[in-house]
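Please read the following report alongside the sequence and the three-dimensional model. It is written for a reader who wants the cut-offs stated with the values.

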Amino acid sequence: MDVREQAQVDAEADAWLRAVQAAHGPIVYRYLAGVTLGDRAAAEDMLQEVLLRAWRHYPTLSRTPDTVRAWMFAVARNLVIDAGRARRARPTEVSPPDLTQLPEPGDAMDRVLTAGVVREALRQLSPVHRAVLIEIYFGGAQASDVADRLGVPEGTVKSRAHYALRALRGVLQQMET
């Protein structure tokens with residue numbers, strides 16, 4: 001086929017494609033818009049792909065309007081299926097959090113809420129565990145100073161602090177649920 005014959009075939013294919021788009025494009029678009037749940041951009045992209053494939057298959061496609069329409073719907077359906085498979089194959093896209101909506105470190109309201117939760121959790125601990133935690137973590141005292149105040153060995157204070165923190169963690173976890 002020489003250049004002139006190829007140009008003639010291309011011109012016929014272009015004219016045929018315009019006629020196919022005018023006759024079947026709106027119907028196929030409505031179908032695609034429905035199956036993409038109203039995503040107009042996706043429906044337009046898929047319709048464009050259907051028309052591109054029709055243009056590529058111009059020499060082999062039937063010229064019967066009903067056959068062309070059925071072929072276009074089959075291609076559109078396959079594109080929708082392929083797009084669904086591609087979405088499942090890729091991990092879901094996660095956008096970064098909007099940092100303007102996150103509280104600043106040291107936000108006063110955040111501190112108040114946290115203090116209230118910790119206070120409630122401390123109330124649920126035994127008195128000896130509560131006393132050790134308050135002295136060490138809220139009072140800033142050393143284990144040796146707390147041992148002298150409570151009249152117990154320093155190792156006992158450290159042991160109580162360890163078990164008190166475990167108990168506090170358990171209480172806080174229960175409060176979350």
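Predicted model: local features only at pLDDT ≥ 70, side-chain atom pairs only at ≥ 80, totals over all residues.

Residues are numbered from 1 along each chain as its sequence is written, and side-chain values use heavy atoms, with hydrogens and water left out.

## Overall make-up

The protein chain has seven helices and zero strands, where helices (H or I, at least four residues) and strands (E, at least two) are DSSP runs numbered from the N terminus. Of the 177 residues in the protein chain, 23% are buried; buried means under 20% relative accessible area, exposed over 50%, and partly exposed in between, with a 1.4 Å probe and protein chains only. The accessible surface of the protein chain is about 12,600 Å², and carbon and sulfur atoms hold 55% of that surface, with areas taken from the Shrake-Rupley method with a 1.4 Å probe and, for residues, only the protein chains shown counted as cover. Among the contacts in the protein chain with a separation of 6 or more, 58% join residues 24 or more positions apart, contact being defined as heavy atoms within 4.5 Å.

## Nonpolar cores

A nonpolar core is a set of buried Ala, Val, Leu, Ile, Met, Phe, Trp, Tyr and Cys residues joined through side-chain atoms within 4.5 Å. The largest nonpolar core has 20 residues, and those with the most contacts inside it are Trp-16, Val-28, Leu-32, Val-50 and Met-72. Two or more residues of this core come from each of the elements α1 (3-35), α2 (40-56) and α3 (65-89), and α1 gives the largest share, seven residues. Leu-32, once its neighbours within four places in sequence are set aside, is in contact with Ala-43, Met-46, Leu-47, Ala-76 and Val-80. There is also a second, separate core of nine residues, which includes Ile-136, Ala-143, Ala-147 and Val-157.

## Contacts of helix α7

How do α5 and α6 cross α7? Axes here are lines fitted to C-alpha atoms, for helices over the stretch in contact, and angles run from 0 to 180 degrees between N-to-C directions. The axes of α5 (residues 127-138) and α7 (residues 154-176) come within 9 Å and cross at roughly 100 degrees, which makes α5 roughly perpendicular to α7; angles of 65 to 115 degrees count as roughly perpendicular, under 35 as roughly parallel, over 145 as roughly antiparallel and the rest as oblique. In this contact, Val-128, His-129, Val-132, Leu-133, Ile-136 and Tyr-137 of α5 meet Val-157, Arg-160, Ala-161, Tyr-163, Ala-164, Leu-165 and Leu-168 of α7. By class, the contact of α5 with α7 has eleven nonpolar residues, one polar and one charged, where Ala, Val, Leu, Ile, Met, Phe, Trp, Tyr, Cys and Pro count as nonpolar, Asp, Glu, Lys and Arg as charged, and the others, Gly among them, as polar.

Helix α6 (residues 143-150) packs on α7 at an angle of about 105 degrees, with the axes 8 Å apart, and α6 and α7 are therefore roughly perpendicular to each other. Ala-143, Ser-144, Val-146, Ala-147 and Leu-150 of α6 meet Glu-154, Val-157, Lys-158 and Arg-160 of α7, and the residues of this contact divide into five nonpolar, one polar and three charged.

## Single residues

Thr-36 lies in the loop between α1 and α2 and counts as buried at 16% relative accessibility. Apart from neighbours within four places in sequence, Thr-36 is in contact with Ala-42, Ala-43 and Met-46. Leu-37, whose place is also in the loop between α1 and α2, is exposed with a relative accessible area of 79%. Leu-37 has a positive phi of about 55 degrees although it is not a glycine. Most residues other than glycine have a negative phi.

Leu-150 is partly exposed, at 38% relative accessibility, and touches Val-132 and Arg-160 when residues up to four places away in sequence are not counted.

The table gives C-alpha separations for three pairs.

| Pair | Apart in sequence | C-alpha to C-alpha |
|---|---|---|
| Gln-48 and Gln-21 | 27 residues | 9.7 Å |
| Leu-150 and Val-128 | 22 residues | 9.6 Å |
| Arg-40 and Tyr-29 | eleven residues | 8.9 Å |
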